[in-house]
Amino acid sequence: MTFFLQTTIPFPRIDIGIGAAESPGDVAVSLQILLVLTVLTLAPAILTLLTSFTRTVIVLSLLRNALATNQVPPNQVLIGLALFLTAFIMAPTFSAVYNDAVVPYLNGELSFEGALATGLEPLREFMFAHTREKDLEMFLNMRGQERPESRDDVDTLTLIPAFVISELKTAFQLGFVLFIPFLVIDMIVSSTLMAMGMLMLPPVMISLPFKILLFVLVDGWHLVVRSLLSSFM
């Protein structure tokens, strides 16, 4: 005897509609949804500019250029590594944002405005810790603001660009240090080839294996990632 089990799986139906607001609460909810969608749209820029991603991805890109390995590692690998390093570095900051702002807001203990202000504080502390006073002073002067008495007097719109250019300078400083040993190898190989009269042989073809060998022998990825992590401590 054969038994057949008939199971009906309903297919979900999604309704999206727009109607007139019947109360001020409906208007507030609509504005909050619009704000959330705007934040999601700007999420890549927020991730790039308000975290350690900028410094990390620039240093990794400069390292690849110093090795002269063209597209190895590929962009997907570098960006993926930069994202995970960013998550590792920013984990305490993100945890503070979640525990102090997101959880109280979901529990109804904070308003949306209060949660937004509270969630910005850990990010501001991180940016202040890695922003040069010279860069921050420049943006304050350009806006015609007086010297602030405390960090609370510095608005976030002034802090963000100061933090970004500070990160760019730090990233290029680290990149310069990475270039030095590989530049020495290029100079030695070029001088050797010229002394041997092998002018038609591209120096990059000879120096590349030595660069990779040196990088592997000193455990380069370990040193680079450790230096990156240490620069944020």
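Author: What follows is a short exchange on a predicted model.

Reader: Why is Val184 called partly exposed?

Author: Val184 has 40% relative accessibility. Buried means under 20% and exposed means over 50%, with partly exposed in between. Val184 therefore counts as partly exposed. Val184 is found in helix H8, residues 156-195.

Reader: What sets Ala68 apart in its backbone?

Author: Ala68 has a positive phi, about 60 degrees, yet is not a glycine. Most residues other than glycine have a negative phi. Ala68 is found in the loop between H3 and H4.

Reader: How do you know whether Ala68 is buried or partly exposed?

Author: The relative accessible area of Ala68 is 25%. Buried would need under 20%, so Ala68 is partly exposed.

Reader: Which peptide bond in that loop is cis?

Author: The one from Val72 to Pro73, with omega near -5 degrees. Most peptide bonds are trans. Pro73 is found in the loop between helix H3 (53-67) and helix H4 (75-89).

Reader: Where is Asp219, and what is its phi?

Author: Asp219 is found in the loop between helix H9 (203-217) and helix H10 (220-231). Its phi is near 55 degrees, a positive value in a residue other than glycine.

Reader: Why is Asp219 called partly exposed?

Author: Asp219 has 43% relative accessibility. Exposed would need over 50% and buried under 20%, so Asp219 counts as partly exposed.

Terms used
Residues numbered from 1 in each chain as written. Predicted model: local features only at pLDDT ≥ 70, side-chain atom pairs only at ≥ 80, totals over all residues. Heavy atoms only, no water. Helix = DSSP H or I, 4+ residues; strand = E, 2+ residues; numbered from the N terminus. Buried < 20%, exposed > 50% of the residue type's maximum accessible area, 1.4 Å probe, protein only.
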